[in-house]
Amino acid sequence: MKTTFLIVFASLFASAVCSQSKDETEAVKTVITKLVEGVDKQDGKMLADVFHETSGIFAFTPDGTGMLTVTAEQFAGMHASGKFGGRKRKMEIKGLDINDEGLIASAIVHAYDKKVFYDYRLTLFKIDGKWGIVSFGQRSRKNG
């Protein structure tokens, strides 16, 4: 009887953990998709929504020898101005890892079209039940 109870309990617990993990993975993927769409559509509001307000964006200079740093607010404003992005890119999430508590995630994302390839490295935190990007690293290069 005890063995049966333990097997049923373990099965239910594993099922709940898998379901939660799947839900968290989908929630993080939604944030990443909104990031790429926000850049492509030049939607500053969409971009502001995917970052936590104290986030930083770190990008290599186009020649790859230096680094630029802006706040999430500046990043959203730059794209809302229409000076950056405005593409329709394909996106692939190459790596996604969520910690055991479901509070910290990291992702490797590639967004590209025929002209440019972007490599994003993201760290996301779940605060007050909402996933948001806290750190965004970017390297872009010509594609092809």
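## Ground rules

Let's start with a definition: a residue is called buried under 20% relative accessible area, exposed over 50%, and partly exposed in between, using a 1.4 Å probe and protein chains only. This is a predicted model, where local features need pLDDT of at least 70 and side-chain atom pairs count only at pLDDT 80 or more, while totals for chains, interfaces and linings use all residues. Residues are numbered from 1 along each chain as its sequence is written, and side-chain values use heavy atoms, leaving out hydrogens and water.

## The overall layout

The chain has three helices and six strands. Both kinds of element are DSSP runs numbered from the N terminus: helices are H or I with at least four residues, and strands are E with at least two.

Of the chain's 144 residues, 34% count as buried. For contacts (heavy atoms within 4.5 Å), take those in the chain with a separation of 6 or more: 49% of them are between residues 24 or more positions apart.

## The sheet

The six strands make an open sheet with mixed pairing, in the order β2-β1-β6-β5-β4-β3. At the edges sit β2 (67–71) and β3 (90–98), each of which pairs on one side only. On average, neighbouring strands here are turned by 15° against each other, direction ignored. Such angles run from 0 to 180 degrees between N-to-C directions, with axes fitted to C-alpha atoms and, for helices, over the stretch in contact. As background, strands of a sheet pair through backbone hydrogen bonds, either parallel or antiparallel. Two strands count as paired if DSSP finds at least two bridges between them.

Now for some of the pairs. β4 (residues 104–112) and β5 (residues 116–127) are antiparallel, with nine bridges, and A111 stands opposite Y118 of β5. β5 is also antiparallel to β6, over 12 bridges, with Y120 facing Q138 in β6. The hairpin of β5 and β6 has two residues between the strands, and D128 there takes a positive phi near 50°. β1 and β6, on the other hand, run parallel and are joined by five bridges; I57 has F136 in β6 as its bridge partner. Lying across β1 (51–60), β2 and β6 (130–142) is helix α3 (residues 72–80), which runs at about 95° to β2.

## The core

What about the inside? The largest nonpolar core has 27 residues, and those with the most contacts inside it are L35, F51, F75, Y120, L122, I133 and F136. A nonpolar core here is a set of buried Ala, Val, Leu, Ile, Met, Phe, Trp, Tyr and Cys residues joined through side-chain atoms within 4.5 Å. Two or more residues each come from α1, α2, β1, α3, β4, β5 and β6, and α1 gives the largest share, with six.

Setting aside neighbours within four places in sequence, I133 is in contact with V31, L35, V50, F51, H52, S55, L122, T123 and L124.

Is S55 buried or exposed? It counts as buried, because its relative accessibility is 5%. A polar atom of the S55 side chain lies 2.4 Å from the backbone oxygen of I133. Beyond neighbours within four places in sequence, S55 is in contact with V70, T71, A72, I133 and V134.

## Salt bridges

How many salt bridges does the structure hold? There are seven, each being a side-chain nitrogen of Lys or Arg within 4 Å of a carboxyl oxygen of Asp or Glu. In one of them, K126 meets E24 at 2.6 Å, N to O. K126 is in strand β5 and E24 in helix α1 (residues 2–41), so the pair ties together parts that are 102 residues apart in sequence. K126 counts as partly exposed at 23% relative accessibility, whereas E24 counts as buried at 10%.

Another joins the side chains of D49 and K130, at 3.2 Å from N to O. This one also links distant parts of the chain, with D49 in helix α2 (residues 44–50) and K130 in strand β6, 81 residues apart. D49 is partly exposed at 32% relative accessibility, and K130 is partly exposed at 41%. Through salt bridges that share partners, K34, D49 and K130 form one network.

Note on methods. A polar contact is a pair of N or O atoms within 3.5 Å; within protein, one must be able to donate a hydrogen and the other to accept it, and residues adjacent in sequence count only if both atoms are side-chain atoms.
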